[in-house]
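Please consult the sequence and the structure shown below while reading.

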Amino acid sequence: MENKGKEEITDREILNIENLRVRFETEDGIVYAVNGVNLKLGYRKTLGLVGETGAGKTTTALAMLRLVPDPPGVVECDRLEIDGQDVRGMSINRLEDVRGKDISMIFQDPMTALNPVLTVGEQIAESIEIHEHLHKDEALKKAGDMLELVGIPRARLGEYPHQFSGGMKQRVVIAIALACNPKLLIADEPTTALDVTIQAQVLELMTELKEKYNTSMIMITHDLGIVAEVCDEVAVMYAGKIVEQGSLEEVFGETLHPYTEGLFNSLPNIKNRTAWLKPIHGLMPDPTDLPPGCAFAPRCNYATEECSASCPALKNMGGTHFVACSAYERDPDFLLERRRKNG
Amino acid sequence: MADNAERVSKLYKKRSSLGMAWRQLRRNKGAIIGMILLIFIIAGALLAPIVYDYNTDVIGMNVRDRMQWPSAEHICGTDDLGRDIFARIVYGARYSLAVGLVAVLIALVIGTVLGAAAGYIGGAFENVVMRICDIFSSIPSVLMAIAVVSSLGKSTINLMIAVGIASTAPFVRVARAAVLVVKDEEYIEAARAIGQPDWKIVAVHIIPNCLSQIIVQATLRVGSAIISAAQLSFLGLGVPAPAPEWGSMLSAGRLFIRDYSYMTLFPGIAIMITVLSLNLLGDGLRDALDPKLKR
Amino acid sequence: MADTILEVKHLKKYFKTGRGMLHAVDDINFTLERGKTLGLVGESGCGKSTTGRVILRLLEPTSGEIIFEGKDISRIKGSEMRHMRKDLQIIFQDPFSSLDPKKTVSQIIAEPIKENHILRGKHAIEERVLELMDTVGLAERYINTYPHELDGGRRQRIGIARALAMEPKLIICDEPVSALDVSIQAQILNLLRELQEKLGLTYIFITHDLSVVNHFSDDIAVMYLGQIVEKAPAEELFEHPIHPYTQALLSAIPIPELGHRRERVKLTGEITSPIEPPEECRFAARCPLCDDGICRKMVPELIEVRESHFVACPIKQKEMGF
């Protein structure tokens, strides 16, 4: 996988999703979790998928792996390709081949992601055995390599998960996810359950390994700090839609969407410690009953009546920067307060 | 001012969590079937004296009509003494349900108090209670009930006590487990932080939050208590003859099972349907009240 | 003279475990002035929450003094304890387990008022509950809802209203925003700050999130394995962190701005076990500066190395001439 020519892989996308919609049909009504998401990710890039609880980040990721529970989940999309392969119509056997080998996922809680009755070595070797058709001994040997790679001595191969600390467990989870050199790694809040100093170590490790193996990565997080540290591209999600997307510099430096601005304003500023925070007022809309227009309009300081009437589409604003906000349609010179201040 | 007071009282109008549980329960077909059956059985037991006279129809002998197979006149046939089996089954429901309910009530009160105390106090007390519990559950419940009835004497009340004591151990376990979970919740700490005394914390916060599990356990246990009571009556240690208890009816029919199988069949079906409906309802309640399944 | 509301002296809390005594809180000292906020920062298992609970007497201290308004409350019982409860309150981290799921919003908020006979009469209590709900920004229509019907932010507001119902002087905020989303987090932080200004409250703010504590506190104490390793005014601590652990902690915060990818103080090694820890600096095993000859000889003392800046690192103390 590593020998693939660079020219060859630059013109294709590792991930290409068009118009992904996911809804959950429950007894209490239909939950519209993801409402038309388009995502493209180039090789060796890291995309930060940002949003709050209920924004549809995790559901989007699960839909990529076709892991949305059905029922109650209903997934529809116009295109879902991983490394050029159409995942939509894939047979289960083929799909299992793709999962783990081409695409793998790290979940939020390292405490529950590992099987308590198998040794760490067995768990890493398991996925190597399945995907690389290696003999058990060889697989275990490779598992040892992986363990060393994530900074845990090989000697601990025979230990059980409960003998590891939280940060170590997350390293083991990363070792499992990377065991078969996947082309795309989805990390769903991989450090939320960890302490800051451990988080820093784990993030550093992930970035390092990603570089080493030319892996593309989707980092799902609510922490804009982590995005600034590890991502090249950012997509901000709100109520199941991407509201702003672009390179890290574009989204952080020339913020366009009022929701993104609101997220920044909600964070305590380390430089101006006594400043009052400017939170976004109100709450995320109920996903069973989304407003007809822009879902953010009820909480938006810039909203006008038109905003609640029609739903803005994601529009290119130059470069790779996209935004879904009708303020720019009404007034091309519209500027958020954050940008007026930043100049 | 008066206007404000009125507005305030209006806001305070009570809403029950029972309504929410009911809405959950209604979705469960099994539970609804169980409940309907149970209502029929209870209604039958309550209305029995209107249709049948206890002295003539239920315990009065009528040798001319003995051993009759089911017919339009006697839909479940008659027994060896010529008594209408259907009438006896309907009347018997009073005994079976009463024994089941009272026995479970005894077990529930003793079991919950002991279990909750064991869970909350912990330490040596918990150890002693749980070990006694282990000993009780290692003795087959029928054996234990036989021992209790033999020592107390044969009567309906003693049957209830015997079955009650025999089914206490599971309640102790359930109550203790529930209390252990609830005890560590932060709202218990919050209650201590506002200065609530321990007994009040148990009464106001812990018991209500364990109640749903105990109710589910109780519903399921009524069924097994009815079976235990029937077993004892079958062995001749239960409700004294000639009272129409289902277990003793089975026992009486046992002698004629080859030629007159209906005599055992119908009381058996009565026991089965009652226990089944209670179990269906219990399972439904568990789903409806389990906070983990709450959406 | 400064108006001291709380003074903690040599506070210890040990737990018995199968392998020996777990030193959860091991000899900590601090004073807190009325109307100020002390931030208690540290990673999971450093004893910060235990400290809060011991001060409130939700856990019994193993030894030490807790002097609240000039009176040692570490051994009081009965009616004195009930009286103390009114002045000291707590806001919990998890708004999902800190509210009794079987009680309505109004019952939860009214409970402390009834329990301590702060008000009598149904109407007086009902109106006070509505007033409190208004104070914390909860709409009246939620009065009869159950906690599980509300979102995290609103639940946290209920928890705050319950604490305020006692009209306390000091509130211990145990990670009050860590379970909330960013935008909701900001709403709650602003609310807590507003309440402090309006009611003159004193806070002990327990958190693992340094950027939150920086925003919120006057003084910050950094804890590591049951001990305070550094304590200073917030600004001073952020600008001149001295203890190597504080430096590592600060450099580990991801900053949501461009061009901030920077070198970190790297920590290696395993965390020392808090069960029967050896008589040495607890951070020694992970410390980049550790000198076994000095650091492993004794438990370092917390010394004032600059004005109101205390550090417990023998290497740094030596460097600065102590």
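Into which domains is chain C divided?

## Domains of chain C

In this predicted model, chain C falls into domain 1, comprising 4–87 + 168–319, and domain 2, comprising 101–166. A distance of 30 Å separates the C-alpha centres of domain 1 of chain C and domain 2 of chain C.

Contact between these domains involves ten residues of domain 1 of chain C and nine residues of domain 2 of chain C. On the side of domain 1 of chain C that touches domain 2 of chain C, helix α6 (residues 182–199) of chain C gives the most, with four residues. The composition of that side of domain 1 of chain C is eight nonpolar, one polar and one charged.

## The sheet of chain C

Chain C contains an open sheet of eight strands with mixed pairing, in the order β6-β7-β8-β3-β9-β10-β12-β11. Its edges are held by β6 (88–91) and β11 (303–306) of chain C; each has a single partner strand, so one side of each is left without a neighbour in the sheet. On average, and with direction ignored, neighbouring strands of this sheet are turned by 25° against each other.

Within the order given above, strand β3 (residues 37–41) of chain C runs parallel to strand β9 (residues 219–224) of chain C, and four bridges join them. In this pairing C:Gly39 stands opposite C:Ile220 of β9(C).

## The sheet of chain A

Chain A also has an open sheet with mixed pairing; its eight strands follow the order β7-β8-β9-β3-β10-β11-β13-β12. Pairing on one side only marks β7 (103–106) and β12 (315–316) of chain A as the edge strands. Helix α7 (residues 166–178) of chain A packs on this sheet, where it touches β7 and β8 (184–188) of chain A, and the direction of α7 makes about 170° with that of β7(A).

Strand β3 (residues 46–50) of chain A pairs with strand β9 (residues 216–221) of chain A in the parallel sense, over five bridges. Here A:Val50 stands opposite A:Thr221 in β9(A).

## The helices of chain B

Chain B has 13 helices and zero strands. The C-alpha trace of chain B spans about 80 × 55 × 30 Å along its principal axes.

Helix α3 (residues 29–51) of chain B packs against helix α13 (residues 262–289) of chain B at an angle of about 135°, and their axes are 7 Å apart. This angle makes α3(B) oblique to α13(B). The crossing of the two helices, α3(B) and α13(B), is left-handed. Residues of α3(B) in the contact include B:Gly30, B:Ala31, B:Ile33 and B:Gly34, while those of α13(B) include B:Ser277, B:Leu278, B:Leu281 and B:Gly284. The contact of α3(B) with α13(B) comprises eleven nonpolar, five polar and one charged residues.

## A helix pair in chain C

Helix α3 (residues 105–115) of chain C and helix α5 (residues 152–165) of chain C cross at roughly 20°, and their axes come within 7 Å. The helices α3(C) and α5(C) are therefore roughly parallel to each other. Their crossing, that of α3(C) past α5(C), is right-handed.

From α3(C), the residues C:Val105, C:Ile108, C:Ile109, C:Pro112 and C:Ile113 meet C:Ile158, C:Ala161, C:Arg162 and C:Ala165 of α5(C). By class, the contact of α3(C) with α5(C) has eight nonpolar, no polar and one charged residues.

## Contacts between chains

The contact of chain A with chain C takes 30 residues from chain A and 31 residues from chain C. On the side of chain A that touches chain C, at least two residues each come from α8 (196–213), α9 (224–230), α10 (248–253) and α11 (258–266) of chain A. The largest share, five residues, is that of α9(A). This side of chain A consists of 16 nonpolar, eight polar and six charged residues.

Chain B also meets chain C, with 22 residues of chain B in contact with 30 residues of chain C. Two or more residues of the side of chain B that touches chain C are given by each of α1 (2–11), α10 (186–193) and α11 (198–234) of chain B. Of these elements, α10(B) gives the most, with six residues. The residues on this side of chain B divide into ten nonpolar, five polar and seven charged.

Definitions and conventions. Residues numbered from 1 in each chain as written. Chains lettered and ligands numbered in written order. Predicted model: local features only at pLDDT ≥ 70, side-chain atom pairs only at ≥ 80, totals over all residues. Axes fitted to C-alpha atoms, helices over the stretch in contact; angles between N-to-C directions. Parallel < 35°, antiparallel > 145°, perpendicular 65-115°, else oblique. Left-handed = near helix turned anticlockwise from the far one by under 90°. Contact = placed C-beta atoms within 7 Å. Nonpolar A, V, L, I, M, F, W, Y, C, P; charged D, E, K, R; others polar. Pairing = 2+ DSSP bridges. Domains from an automatic or database assignment.
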